[in-house]
Amino acid sequence: MARVLTIGEPMGLMVATEPKALKDVTTFHRYVCGAEINFAVGIARLGHDIGYISRVGNDPFGQHILDFLEEQNIGTDYVELDDVNRTGMQLKAKTLSGDPEVVNFRRFTAFSYMEPSIVDTVDWDKYDHLHVTGIPPALSDSCRETSIAMIKAAKDHGVQVSFDTNLRPALWPSEEVMRETINYLASLADIVLPGFGEGKILTGFDTPEEIADFYLKQGAKAAIVKLGTKGSFVKTETEEFYAPAYVVDHVVDTVGAGDGFAVGTVTGRLEGLSWQDAVRRGAAIGALQVQVEGDNEGLPTREQLEAYQKTAKLSE
């Protein structure tokens, strides 16, 4: 069983119950969302230990998130409760095809006041792996400093680091700042996981091979470029290959697929799987997630994952 740590902002998620523009929706279902919380849920459901570094408001959303973390067996030793600032939230439309309309409320939230000093409270001897995304550094200067300090501390303690670029352009002051910061964080990581479109923005290159090569030259030991329904391209220090996706006949919601892919890839490697088998596990978890409503409801247990991989069809 691996011991994993991640840092990020959880938010209250309200998903529309009817396929209308958000301004016209009258009823919603409540969930919990956030790229890193999706990752944490996926890690826990596969039976690994997961610690979560975060900060939520002492409000109904924050209290619900704390209950959710406990229910999902996600460690809360490093989750701070803020009595002044609120928990972030998101509204998401119900869609019959394609990506849903999403509206975020995350300016001046409790998490945006996260400070680098949290790094000094972490018992690094308890962890084998740290997973970071490009979202926290977009939220505030202190969050940016915290993300950098977290990765550096992990590396200083011999903890492997994965970094999912997870671009949110609307949260950054400029594309130039976003590109420079994200690429700097990627240069500190062992495993880098950009989406293909993100990789083109971040590197200026137009092929998965060039994007992956860019990150290996920066210092990564492996770069996995996510290609959606076309699978992924993997390049490590010793091998490179294209890996297929799983065929999904009915997509309900694409949100969370990339987080599921990260879960499968990271846990696969922590369990000693080859890169081929690790990214195949990632593809399976991503495929399961897009078949349900909610950002993490489709992330499987180990039994569900194994059953799916025995019967699901890979793309050609």
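Visitor: In what order do the nine strands of the open sheet come?
Guide: In this predicted model, the order is S5-S4-S1-S8-S9-S10-S11-S12-S13, and the pairing is mixed.

Visitor: Which strands stand at the edges?
Guide: Strand S5 (75-82) and strand S13 (240-243) do. Each has a single partner strand, so one side of each is left without a neighbour in the sheet.

Visitor: What does the twist average from one strand to the next?
Guide: The average is 15°.

Visitor: In what sense do S9 and strand S10 pair?
Guide: S9 and strand S10 (residues 191-193) are paired in the parallel sense, over three bridges. Within this pair, Val192 in S10 has Phe163 opposite.

Visitor: Which strands of the sheet does H4 touch?
Guide: Helix H4 packs on the sheet and touches S1, S4, S8 and S9. The direction of H4 makes about 160° with that of S8.

Visitor: How many residues does helix H4 have, and how far does it reach?
Guide: H4 (residues 141-156) has 16 residues. From its first C-alpha to its last it reaches 23 Å, which is close to the 22 Å expected at 1.5 Å a residue.

Visitor: Which residues in H4 are buried?
Guide: Ser142, Cys143, Arg144, Thr146, Ser147, Met150, Ile151, Ala153 and Ala154 are buried.

Visitor: And what covers the buried residues of H4?
Guide: The cover includes strands S1 (3-7), S4 (49-57), S8 (129-133) and S9 (160-164). Helix H3 (136-139) and helix H5 (175-188) also belong to it.

Visitor: What is the phi of Gly158, which follows H4?
Guide: The phi of Gly158 is positive, near 75°.

Visitor: Let us change topic. What order does the open sheet of four strands have?
Guide: That sheet runs S3-S2-S6-S7, with mixed pairing. Strand S3 (28-33) and strand S7 (102-105) stand at its edges; each has a single partner strand, so one side of each lacks a neighbour in the sheet.

Visitor: By how much are neighbouring strands of this sheet turned against each other?
Guide: They are turned by 20° on average, direction ignored.

Visitor: How many bridges join strand S6 to S7?
Guide: Four bridges join S6 (residues 89-92) to S7, and the two strands run antiparallel.

Visitor: Through what do strands of a sheet pair?
Guide: In general, strands of a sheet pair through backbone hydrogen bonds, either parallel or antiparallel.

Visitor: Which strands does helix H2 lie across?
Guide: Helix H2 (residues 60-71) lies across strand S2 (11-16), S3 and S6. H2 runs at about 65° to S3.

Notes. Residues are numbered from 1 along each chain as its sequence is written. This is a predicted model: local features need pLDDT of at least 70, side-chain atom pairs count only at pLDDT 80 or more; totals for chains, interfaces and linings use all residues. Side-chain values use heavy atoms; hydrogens and water are left out. Two strands pair if DSSP finds at least two bridges between them. Axes are lines fitted to C-alpha atoms, for helices over the stretch in contact, and angles run from 0 to 180 degrees between N-to-C directions. Contact means heavy atoms within 4.5 Å. The expected span of a helix is 1.5 Å times one less than its number of residues. Buried means under 20% relative accessible area, exposed over 50%, partly exposed in between (1.4 Å probe, protein chains only).
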